[in-house]
Amino acid sequence: MTQPPDTPAARHERILILDFGSQVTQLIARRLRESGVYCEIWPFNAASEARIRAFAPQGIIFSGGPASVTEGESPRAPDHAFASGLPILGICYGQQTLAHQLGGVVEGGHAREFGRAFIDVTGDCAITQGVWAKGAREQVWMSHGDRITELPPGFRVVASSEGAPFALIADDARHYYGTMFHPEVVHTPHGAQLLRNFTHLVCGCTGDWTMGAFRAEMIARIRAQVGSGRVVCGLSGGVDSSVAAVLIHEAIGDQLTCIYVDHGLMRAGESEQVVSTFRDRFNIKLIHRDASELFLGQLSGVTDPEVKRKTIGRLFIEVFEEEQNKLGGADFLAQGTLYPDVIESVSATGGPSVTIKSHHNVGGLPEGMRMQLVEPLRDLFKDEVRALGRELGIPEAIVGRHPFPGPGLAIRIPGEVTREKADLLRQVDSIFLEEIRNAGLYDAIWQAFAVLLPVRTVGVMGDGRTYDQACALRAVTSTDGMTADVYPFDMSFLSRVSNRIVNEVRGINRVTYDITSKPPGTIEWE
């Protein structure tokens, strides 16, 4: 499977982000894009001097990472990055390797800091201008075990914490800055402003990159990749595949055929809505394939979550290839893959980030697949996809929908998946979402769904004993899907939903509410 060719973007102002393997590297890019700055993420070891010169960035950011600078084989920034004369911002591990390579000292074995922390601002510099005042105490988000114990020549301390005496450092003459904390995450309240100061005040960017520009550039990139080839798009009806389909259709028109595979694991009424929307409103060629018997048959007896995902991924490709053969062949498979899918499966840039789990549309595709991938949303977060959808004129009813995984209800049924379980879960899920909408809470929640638990519990209904299944409700708030907090429903709402479920869904006699945030949990159960 080949990736799209590199198509030079229009000559936007640009920042280069060197990835040292942090799970949140892409959040740096997201913050920069929010302030209108085009950026790219490259592996730290793929940034040759010639490549950096050709890219012509206004500045460079070193990301965090899981390694320790004190280890001999740990990653290092390329020396020519320092010789370029460009402003540099190092974040966490990026700050540590910045200091180490410029003559400072980094040590382990000191106090570690993970999560929320507070720093004392003892000085000022360009990136704190108008954001933090000298003498203030500010909240940040830390994730480090090592720390700098001796600054390199030319640097001074701007802010300190108990666990990181050099939490923010600056070399004003060379325009080098380093933060031990992570300004890119939402738990550093003013982090986006600090990054904006680096890009705009230090690097001189004005913010000339927009979602409209991304749309135009991605259309050009799709056309360059596809040429005169034919594309089939795996359409689920969710936000991601819908935006991908409309964008690709705008780029290549009738070279695109969407294939909607009903695997028997969709939400109530979803298949009918998908078919009518794309055929009638968008006038996109659509094939509707009911493959529920095939999928449910192949999932019979399967309990391992990874095997489920890979089974579903394999069957999707088999069905696509059957349908594309009926069409006379297709050269490309389009997917609505997003960056959170990628970063939890493999490093998006080939760097050293750690795998969390595979996703059906990332790690579950067979090596021998004959079609090449078209993934125009691969570097976007969910909110950016929604913004692109609005740019494309897609109705809010689709753009504003909660995320829904490609494997559908299969990963919300721990254990074996059967048609009976899927039907049961569909009813529960429908009631939960209906009550959320009735309460006016749908848009305040990032994602809400029900899970059918693989346990039976004793209950009492009327004068009789029941021994039926239990379900869990899940609702979270998030801005990017990388982290999430449980939605704080009041008890009266949860009681109302629970009462409806046990009374209306025969086979459920107990309802629980999942209060786990991400991390340590994931949003989905499998």
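The model is predicted. A search of the whole structure finds 15 aromatic pairs, and two of these are described below.

**Aromatic pairs and a cluster**

- Among the 15 aromatic pairs found in the whole structure is that of F20 and F44, which is stacked because the ring centres are 5.2 Å apart and the planes stand at 15 degrees.
- This pair joins distant parts of the chain, 24 residues apart: F20 sits in the loop between β1 (14-19) and α1 (25-34), and F44 in the loop between β2 (38-43) and α2 (49-55).
- F20 has a relative accessibility of 1% and so counts as buried.
- F44 is buried as well, with a relative accessible area of 17%, which is under the 20% limit for that class.
- The rings of F295 and F316 are arranged edge-to-face, because their planes are at 65 degrees, with the centres 5.4 Å apart.
- F295 belongs to helix α9 (residues 292-299) and F316 to helix α10, so this pair ties together parts that are 21 residues apart in sequence.
- F295 is buried at a relative accessible area of 0%, and F316 is buried at 15%.
- One aromatic cluster is formed by F20, F44, F62, F82, Y93 and Y176.

**Charges over rings**

- R51 lies over the face of W42, at 3.7 Å from the ring centre.
- R412 is placed over the face of F449, where the distance from the ring centre is 4.0 Å.

**Packing of α14 and α15**

- Two packed helices are described by the angle between their axes and the distance between the axes.
- The crossing of α14 and α15 is right-handed.
- On the α14 side, the contact is made by Q427, V428, I431, F432, E434, E435 and I436.
- On the α15 side, the contact is made by F493, R496, V497, R500, I501 and E504.
- The residues of this contact divide into 7 nonpolar, 1 polar and 5 charged.

- Apart from neighbours within four places in sequence, E323 is in contact with I259, I287 and R289.
- The C-alpha atoms of E323 and E162 are separated by 61 Å, and these residues are 161 apart along the chain.
- Q324 is buried, with a relative accessible area of 5%.
- Setting aside neighbours within four places in sequence, Q324 is in contact with V232, G329, A330, R370 and M371.

**A residue of helix α6**

- A213 lies in helix α6 (residues 211-226).
- The relative accessibility of A213 is 14%, so A213 counts as buried.
- A213 and P305 are 92 residues apart along the chain, and their C-alpha atoms are separated by 39 Å.

Methods:
Residues numbered from 1 in each chain as written. Predicted model: local features only at pLDDT ≥ 70, side-chain atom pairs only at ≥ 80, totals over all residues. Heavy atoms only, no water. Buried < 20%, exposed > 50% of the residue type's maximum accessible area, 1.4 Å probe, protein only. Contact = heavy atoms within 4.5 Å. Helix = DSSP H or I, 4+ residues; strand = E, 2+ residues; numbered from the N terminus. Phe/Tyr/Trp six-rings, centres within 6.5 Å; stacked < 30°, edge-to-face > 60°. Lys NZ or Arg CZ within 6 Å of the ring centre and 35° of its normal. Left-handed = near helix turned anticlockwise from the far one by under 90°. Nonpolar A, V, L, I, M, F, W, Y, C, P; charged D, E, K, R; others polar.
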